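Good morning, and thank you for joining this group meeting.

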Amino acid sequence: MSADTPESDTKLNEEQAREQLIDLAADIYDQFERGDIPQMSLPTRTKSNIVFDEDSGVWVYGDRTSTRSANSVRGARKLLKAAYTVEFLAQQLDEDRSSTLRELYYLSESWDSEDAGFSDQDESNQLIEDLEIVSGVTREDFHMRPEESGATLMGPLELREQTRRGERDIHCQEDVGEGGYQIPNNPDTIEFLDHDIDFVLCVETGGMRDRLVENGFDTEYNCLVVHLKGQPARATRRITKRLHDELDLPVVVFTDGDPWSYRIFGSVAYGSIKSAHLSEYLATPEAEYVGIRPQDIVDYDLPTDPLADSDVNALESELEDPRFQTDFWEEQIELQLDIGKKAEQQALASQGLDFVTDEYLPTRLGEMGVL
């Protein structure tokens, strides 16, 4: 096996991850040995310290930093939890094991220091994110997994997957059932072998994903359908970015017509505030929106629901969001506030079950130059 295969790359990442973890622990030890109060510095993780980088087109952390210091009881406990977590992660990598974020929370209850245990899962999740930031290594390379996301691919893509039973070559149409190929926790272990894909279509809902597959949209248009399963998991965003960057494929995002779904598009294209430290690893700024727009509600007289107060507030917030400060988005959001309505993807079924695949998507994608 050559040195640039996914398996060898994965092993390199694991070794790097372990080294970075040990370096963090060693730095705390060195501070103790010098007689310094141990501390760990990282970017301030507040909304006010998240900035939209115009050059890269993604969310990133600003210049402000905060310090986890042992000069207070609270700070000392945070460093203690970090030290215990580093030890656990390093041992996990040594044993080539993995665990979920939820398991880490429960495992901490068995640690020999009561103060090292986490009070809730939000605290353990945040610590893992802190370790990602200060080490420059992703949690996937720490062998940390979220709970099952279930997001899938369906389309003319052949890939090679690394499993505990060795390599496995899979065609994401011919070798899978109607449910498609399930995206693994760490998509960087996948090797793209061959494809006949013309574009990638990221779909918010399972119902619409199933409609596209049942109608053969992936086959007729050489399309890779990526089921986002609502707000997309990191693995989903990562494989989407890889498909764009490595295979030079257009990416379009098909969602419901409401402010929360526009943010789903935003997370695919520009990254999210929560994962700003990984935006350049996860976000695909070239992605385009093909989802239900307020103009569709008017043009197709779609079945709708009225905007709730929370929808109105979210839309008004998006007008101030750098990700949506374009002529297209400002026009559509203002129209939606004016008509006071929102619509789901599956509202297109009011025009017939085949309308979305025979008329709506081909027309829209043709106007965009994707087809």
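**Cavities inside the model**

I begin with the largest cavity, where helix 4 gives the largest share of the lining, four residues. Please keep in mind that this is a predicted model. Its protein chain averages a pLDDT of 85, and 93% of the residues score at least 70. Residues 1-8 stay under 50.

How many cavities of 30 Å³ or more are there? The count comes to two. The largest cavity has a volume of about 120 Å³. Its lining consists of Met40, Arg68, Lys78, Lys81, Ala82, Phe118, Glu123, Gln126, Leu127 and Asp130. Two elements, helix 2 (73-94) and helix 4 (121-135), each give two or more residues to this lining. By class, the lining has five charged residues, four nonpolar and one polar.

I turn now to the second largest cavity, which holds about 40 Å³ of space. Leu24, Ala25, Ile28, Met40, Ala82, Ala83, Val86 and Leu131 line this cavity. Here helix 1 (6-34) and helix 2 are the elements that give two or more residues. Its lining divides into eight nonpolar residues, with no polar and no charged ones.

Thr189 is in the loop between strand 10 (181-182) and strand 11 (191-195). Is Thr189 buried or exposed? Thr189 is buried, because its relative accessible area is 12%, and the cut-off for buried is under 20%. A polar atom of the Thr189 side chain lies 2.9 Å from the backbone oxygen of Asn186.

Methods
Residues numbered from 1 in each chain as written. Predicted model: local features only at pLDDT ≥ 70, side-chain atom pairs only at ≥ 80, totals over all residues. Heavy atoms only, no water. pLDDT = per-residue confidence, 0-100. Contact = heavy atoms within 4.5 Å. Buried < 20%, exposed > 50% of the residue type's maximum accessible area, 1.4 Å probe, protein only. Polar contact = N/O pair within 3.5 Å; in protein donor to acceptor, adjacent residues only side chain to side chain. 1 Å grid on protein atoms, 1.4 Å probe; cavity = no way out; pocket = protein on both sides within 12 Å on 5 of 7 lines; lining within 4 Å. Points joined across faces, edges and corners; volume = space filled by probe spheres on them. Nonpolar A, V, L, I, M, F, W, Y, C, P; charged D, E, K, R; others polar.
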